[in-house]
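Colleague: I'm new to this one. Can you walk me through a few spots?
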Amino acid sequence: MSLHQVEGIILRVREFGESDKILVIYTKEIGKIDAIAKGARKFKSKLAAATQQFSHGYFYLYRGKGMFLLGQAELKGSFPRLHGDLERLAYASYLCELTENFVPAEESQPEVFYLLRQALEKVNNWEEYRLAVIFFQLKLVSALGYKPVVDHCLNCGKERFSGQLFFNPLQGGVICEECNKTVRGKSRPLSLNCSAVLSHLQNTDWERLTVLKVSTETKEELLAHLASYINVRLEKRLKSVEFIKKLKKMPLA
Ligand SMILES: [Zn+2]
């Protein structure tokens, strides 16, 4: 059996057998893996703390014939505010579910690992956490080869927009009013504001993101456009998205 020492974030946990857990871990070194944590549900297990969803830590794994076996785990960060705030928790689950469904198994992409880690930190401790989710959506799909077209019409290439703009998830980005009449796929109107923020986000980083001011309406619109863009690429609906939708209909307590 070979030993792997990795830094990772737990994307998903499911119970297994009497006291074990099966973990989906996104690691910096070997990408997305499944690992079994024997006895991790026992009250006194040393693995308990580091094997919760969102746990960020160092993991010592053995590779047998099938999935990885978790030997030891050392917790590095756990994003405590997520558990006291339903909306933050829902968005953090969305980040993890998106990562799990988008990244290929056992393929290392450190930039995607850092993106997820930063996004979870921001969802945990930043007031503008929805902007962090939007940034994550955009950067994740771009890193995995699905960068949407946002600064010109994807059909005619026009850069200076006039008239109503549209966002076409199937075609993969922004489309001008004229082209929208003929291009296939369902489009939804995109505000000029939204299109400007999208272009800006594609060329920014976390540091500059934190000084950006975006209205609540624009954030809602961006989240919806990017979620539909992602749905088309994933060809499935994510559980966390359904939860977020339900949550937003709930009256504030
Ligand atoms: Zn056009």
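Colleague: Where does Phe54 lie?

Modeller: Phe54 sits in the loop between β3 (31–37) and β4. Keep in mind that this is a predicted model.

Colleague: And what about the phi of Phe54?

Modeller: Phe54 has a positive phi, about 80 degrees, although it is not a glycine. Most residues other than glycine have a negative phi.

Colleague: Buried or exposed, that Phe54?

Modeller: Buried. The relative accessible area of Phe54 is 0%, and the cut-off for buried is under 20%.

Colleague: Now Phe79. Which loop is that in?

Modeller: Phe79 is in the loop between β5 (68–77) and α1. Phe79 also has a positive phi, about 55 degrees, and is not a glycine. With a relative accessible area of 5%, Phe79 is buried.

Colleague: On to α1. What caps its N-terminal end?

Modeller: Asp85 does. A side-chain oxygen of Asp85 lies 3.1 Å from the backbone nitrogen of Glu87.

Colleague: How many residues of α1 are buried?

Modeller: 14 of the 17, so α1 is mostly covered. From first C-alpha to last, α1 reaches 24 Å, close to the 24 Å expected at 1.5 Å a residue.

Colleague: What about the span of helix α2?

Modeller: Helix α2 covers residues 110–125, which is 16 residues. At 1.5 Å a residue they should span 22 Å, and the end C-alpha atoms are 23 Å apart, so the two agree.

Colleague: Which residues of α2 are buried?

Modeller: Among them are Val112, Phe113, Leu115, Leu116, Ala119 and Leu120. Lys122 and Asn124 are buried too.

Colleague: What covers the buried residues there?

Modeller: The cover of α2 includes strands β1 (2–16), β2 and β4 (56–63). It also includes helices α1 (86–102), α3 (129–143) and α6 (206–209).

Colleague: Switching topic. Where is Asp20?

Modeller: Asp20 is in strand β2, residues 20–27. Asp20 is buried yet has no salt bridge.

Colleague: Which side chain of opposite charge is nearest to Asp20, then?

Modeller: Lys38, 4.0 Å away.

Colleague: What does the side chain of Asp20 have by the backbone nitrogen of Gly39?

Modeller: A polar atom of the Asp20 side chain lies 2.8 Å from that nitrogen. Leaving aside neighbours within four places in sequence, Asp20 is in contact with residues including Arg14, Glu15, Ile36 and Arg41.

Colleague: Last one. How many disulfides?

Modeller: Zero, in a search of the whole structure. As for cysteines, Cys153 counts as buried at 1% relative accessibility. Cys179 is buried as well, with a relative accessible area of 8%.

Note on methods. Residues are numbered from 1 along each chain as its sequence is written. This is a predicted model: local features need pLDDT of at least 70, side-chain atom pairs count only at pLDDT 80 or more; totals for chains, interfaces and linings use all residues. Side-chain values use heavy atoms; hydrogens and water are left out. Helices (H or I, at least four residues) and strands (E, at least two) are DSSP runs, numbered from the N terminus. Buried means under 20% relative accessible area, exposed over 50%, partly exposed in between (1.4 Å probe, protein chains only). Lys and Arg count as positive and Asp and Glu as negative; His and the chain ends are not counted. A polar contact is a pair of N or O atoms within 3.5 Å; within protein, one must be able to donate a hydrogen and the other to accept it, and residues adjacent in sequence count only if both atoms are side-chain atoms. Contact means heavy atoms within 4.5 Å. The expected span of a helix is 1.5 Å times one less than its number of residues. A disulfide is a pair of cysteine sulfur atoms within 2.5 Å.
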